[in-house]
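Good morning, everyone. Please have a look at the model first.

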Amino acid sequence: KPLRKEQREMKFEGAEQLHEEVHKLLGYVPLDPGKCEVVIPLMIVKKEAVLAITVRDINNDVVSDSSEELSVSVQVGSSGEVIVVKPVEDVSDGKYKATFTPSRYGDHVISVVVDGQHIPGSPYK
């Protein structure tokens, strides 16, 4: 199971090499937001839309059990209202789904963030 963000950010005074060794011993491989992807379906007002997200690490391997490091939000039209999509469900094998039901017409901006960074193309309009 991947470490939580606060566990990965432990710092050892003057010993960055020790920090890397601890990660190796714990089997931690950093997530890579640049290798993650999302499939966004056509969104229709009052109809549930399921976003399919794939999370990968720096070795391009899919990563499960990382829903804590994944956030999805939707800015609704010109209202500026932002909806945080919860929960993001771990489907298995590095796949996650986020479900959102648009409540009104207009442009929506979808942001997908992994480990504190937007994935390529995010935010999507």
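**Salt bridges, sheet and core**

Lys97 makes a salt bridge with Glu89, with 3.9 Å between the closest N and O atoms. By salt bridge I mean a side-chain nitrogen of Lys or Arg within 4 Å of a carboxyl oxygen of Asp or Glu. Lys97 is partly exposed, at 31% relative accessibility. Glu89 is partly exposed as well, at 42%. The cut-offs: buried is under 20% relative accessible area, exposed is over 50%, and partly exposed is in between, with a 1.4 Å probe and protein chains only.

A word on the source. This is a predicted model: local features need pLDDT of at least 70, side-chain atom pairs count only at pLDDT 80 or more, and totals for chains, interfaces and linings use all residues. Residues are numbered from 1 along each chain as its sequence is written, and side-chain values use heavy atoms, leaving out hydrogens and water.

How many salt bridges are there in the whole structure? The search finds 3. Another one joins the side chains of Glu81 and Arg104, at 3.4 Å from N to O. Glu81 sits in strand E4, residues 81-85, and Arg104 in the loop between E6 and E7, so this pair ties together parts 23 residues apart in sequence. Glu81 is partly exposed at 35%, and Arg104 is partly exposed at 36%. Asp32 and Lys35 also meet through their side chains, at 3.8 Å, N to O. Lys35 has a relative accessible area of 29%, so it counts as partly exposed.

Now the fold. The chain has 2 helices and 8 strands. Both are DSSP runs numbered from the N terminus: helices are H or I with at least four residues, strands are E with at least two. In sequence order the pattern is α-α-β-β-β-β-β-β-β-β.

Next, an open sheet. Its 4 strands are ordered E1-E2-E6-E5, with antiparallel pairing. Strands E1 (37-39) and E5 (89-92) are the edges, each pairing on one side only. Pairing here takes at least two DSSP bridges between two strands. E1 and E2 are joined by 3 bridges. Within that pair, Val38 has Ile53 as its bridge partner, and Glu37 stands opposite Thr54. E2 and E6 pair over 6 bridges. There, Ala49 is partnered by Phe100.

On to the core. The largest nonpolar core holds 19 residues. Such a core is a set of buried Ala, Val, Leu, Ile, Met, Phe, Trp, Tyr and Cys residues joined through side-chain atoms within 4.5 Å. Among the residues with the most contacts inside this core are Ile53, Leu70 and Val112. Strands E2 (49-54), E3 (70-76), E6 (95-100) and E7 (108-114) each supply at least two of its residues.

What does Val112 touch, beyond four places in sequence? Its contacts, meaning heavy atoms within 4.5 Å, include Val38, Ile53, Leu70, Val72 and Tyr124.

Is Ser111 buried or exposed? Ser111 is buried, at 14% relative accessibility. Ser111 is placed in strand E7. Leaving out residues up to four places away, Ser111 touches Ser71, Val72, Ser73, His118, Ser122 and Pro123.

Last, the whole chain. Of its 125 residues, 34% count as buried. Among contacts between residues at least 6 apart in sequence, 59% join residues at least 24 apart.
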